[in-house]
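Have the viewer open as you read.

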Amino acid sequence: MKGIVCNRIGEFQYREDLPEPQLLDGEAIIRIKRIGICGTDLHAFRGNQPFFTYPRILGHELSGVIEKVGVNDEGLKVGDTVCVIPYIHCGECWSCLRGKTNCCRSMKVIGVHLDGGMRERISVPISHLMRTEGLSLDQAALIEPLAIGTHGVKRANVTSKDTVLVIGAGPIGLGIMVCAKAMGATLIAMDTNADRLAFCKDWAKVDHTIQVGEELSDLSALTGGEFPSIVLDATGNQESMTNAFHMVAHGGTLVYVGLIQGEISFRDSEFHKRELTLMGSRNATKDDFNEVMKRISDGGLDVEPYITHRCRFEELIREFQGWMHPSAKVIKAMVEL
């Protein structure tokens, strides 16, 4: 079958001889129809994605149609449109047994640790499929990145009483924003890119935007000198993640949603005097997926403006390099099969 393999840093290979997936017990064969391109894919191609080895078939924001499936308790059948929950957990470690399957000790993510969906068909555990009846293929593929934002907001326990700063207006940051706004929070978006900030205003309905440069003085002015009660950093940028410590209110919460390969350091006196709560947020749970799917189904979340670029699968290698440049102004690229 056809597929695209990332052989090494900076090198994709289009192939037509990939082996067909085998239908194993408890799994289903999915014909992939949509692949959302994520920051993880870009970082993997550049060689700065943690937890990554080559060669690898990328692609974890996936929707498709079931081609083969056995009898199952989920009621899934051939022809069903589904999205993929790409986080394969063990079900036996401490975190899994307590419902935190998103940070399983032995986590294997499709498209990162395991070969992903940049191919015609893939075998996926039935437990990691969600029927998306009533949603378009585009909508179904976008549940995963939006669920990551939803999980971060739930980690932070955002309420209508909070002033929330989201640093980074990429796809994950935007997902955080729309979820935090749904909680009724006062929302501030921060980014280096003025066009992205304008999109935050238009699509995520943020209350304020700050372009990086005079962020501390601007934040102080917007919050009466108190600073935001919750800060979520979705940049995956070491400098930003370090500086975020100075942007949180005393008694507030800082959540890292983006991740890097390096170390983050902070001054202990600054951390202690504010009595900060510091959190990591990884992946998402099935509940997060269900929450996003319901909001899309109910009409509370219009994802079409979120997709700014699109191509056919055969065009992906040619288009991918251009999408990495800021001048392309990509928010979310979608690949069609």
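Which residue in β13 is the bridge partner of I167? Keep that one in mind while we look around; note that this is a predicted model.

## Strand β13 and its neighbours

The partner turns out to be D233, in β13. That pairing belongs to a parallel arrangement: β10, residues 163-167, is joined to β13 by four bridges.

β13 also pairs with β14, which covers residues 253-256; again there are four bridges, and the two strands run parallel. Here I230 has T253 of β14 as its bridge partner. To get from β13 to β14, the chain passes through helix α8 (residues 238-243), making a right-handed β-α-β crossover.

## Covered on both sides

In a regular strand, side chains alternate between the two faces of the sheet. For β13 (residues 230-233), I230 and L232 sit on one side, with V231 and D233 on the other. All four are buried, so both faces of the strand are covered, taking buried as under 20% relative accessible area.

## The chain as a whole

Zooming out, the chain has eleven helices and 17 strands. Its C-alpha trace spans about 60 × 40 × 40 Å along the principal axes. The radius of gyration is 20 Å, which agrees with the value near 20 Å that a compact globule of 337 residues would have.

Taking contacts between residues at least 6 apart in sequence, 66% join residues at least 24 apart. The accessible surface comes to about 15,000 Å², and carbon and sulfur atoms account for 48% of that.

Note on methods: Residues are numbered from 1 along each chain as its sequence is written. This is a predicted model: local features need pLDDT of at least 70, side-chain atom pairs count only at pLDDT 80 or more; totals for chains, interfaces and linings use all residues. Side-chain values use heavy atoms; hydrogens and water are left out. Buried means under 20% relative accessible area, exposed over 50%, partly exposed in between (1.4 Å probe, protein chains only). Two strands pair if DSSP finds at least two bridges between them. A crossover is right-handed if, with the strands pointing away from the viewer, the path from the first strand over the helix to the second runs clockwise. The radius of gyration is taken over C-alpha atoms; the globule rule is 2.2 Å times the number of residues to the power 0.38. Contact means heavy atoms within 4.5 Å. Accessible areas come from the Shrake-Rupley method with a 1.4 Å probe; for residues, only the protein chains shown count as cover.
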